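Hi there,

Here is the structure I promised to pass along. Have a look at it first, and then read on for what turned up.

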Amino acid sequence: MLTWLAPTDGAVLATVERDGHSESFHHGILSVVDADGKVLFEAGHADRVVYPRSTIKPLQTLAVLRTGVELTDLEIALATASHSGSLAHRHAISAFLQRHVLSEGLLQCPPDWPLSVSEKAALIAEGSQKSSLAMNCSGKHTGFLAACQHRGDPLENYLDVNHPLQRDIRATIEEFTGETVSHTSVDGCGAPLHAVTLRGLTQGISRLLSSDDPHAKRIVSAIGAHPWALSGENTPNTRVIETLGGIAKIGAEGLVVVGLPGGITAGVKILDGSMRATTPVVLEALAKVGAVSVEVVENLRGWLEEPVRGGSTVIGGLRVTLGNGAPDEDHKERRRS
């Protein structure tokens, strides 16, 4: 029987250090698997059930493509996205809808503002309101609608857990994670949210990356061709994909999964739902198993992270421990230099 995540299930995956002392601790669970789903490294109880949130979107997109709907590479990336609601994203989602003879009014994701403060302010200044196009899951919802339109499934209840497309999505998630979904909730965008273990989630993304399924291959290729669409320009997911290839996908409440082209994949869930340590932890985990060089990880982390400052002087930063309780001394010296 699968067990839900509990406060005692996490390990200290990272600490924030100020002036030589630990100031904050990030507890979480972590799993790294290879292309066959074999566990390479874990910290905490990675067999605990979590809500995967948006990290599950690649498998939702796979179910969409399996309906036979023809999507462009950009549309596939948008269907898998947790985007920033930028003007470029809103225009692309609008074109996505129009190409499949759909309208914005059919979207059942809640309206939202762009994540950019300046874009939000500009819209407010011109008297605009929140828009479903700007909601970070609007591409996923458009993909759902396009699949339903293609197959002749009902559009008005496309989010119902018993809708034909949603049943297909659940089956695809179970196929790739190797788990039976025991609980289904509702995600923030209104779509069914199927709970799986963190290990199962990580194995599911790994299997997608290494799958011979032509639709799975298409998803990986499309994300590589349009990494900006998955999140936004100069965001952590986008920068990781541009550097490493494969798939990098955030999920709300402290989730990130990063899968490399060969299939090795790392997934993390930070117990308190914060995002600060997520990408650094999975990058260091991939380096630990030899899947990514230390130099590449250092370069990415140098771009991703804000150092801890005392006035204008750098006096600390995020130290990834991967559950060892204390940072590796060599790593500490590298980060100081």
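By the ring-centre rule (Phe, Tyr and the six-membered ring of Trp pair if their centres lie within 6.5 Å), there are two aromatic pairs. Tryptophan 4 and tyrosine 51 have ring centres 5.2 Å apart and planes at 65°, so they pair edge-to-face (planes over 60 degrees apart; under 30 is stacked, and the rest are tilted). Tryptophan 4 is in strand β1 and tyrosine 51 in the loop between β5 and α1, so this pair links parts 47 residues apart in sequence (strands are DSSP E runs of at least two residues, helices H or I runs of at least four). Tryptophan 4, at 37% relative accessible area, is partly exposed, as is tyrosine 51 at 30% (buried is under 20%, exposed over 50%, partly exposed in between, with a 1.4 Å probe and protein chains only).

The other pair is phenylalanine 144 with tyrosine 158: centres 6.4 Å apart and planes at 65°, so edge-to-face. Phenylalanine 144 is buried at 1%, and tyrosine 158 is buried at 0%.

There is also a charge over a ring: the charged end of arginine 239 sits 3.9 Å from the centre of the tryptophan 303 ring (the rule asks for NZ of Lys or CZ of Arg within 6 Å of the centre and within 35 degrees of the ring normal).

Please keep in mind that this is a predicted model, where local features need pLDDT of at least 70 and side-chain atom pairs 80 or more, while totals for chains, interfaces and linings use all residues. Residues are numbered from 1 along each chain as its sequence is written, and side-chain values use heavy atoms, without hydrogens and water.

Best wishes
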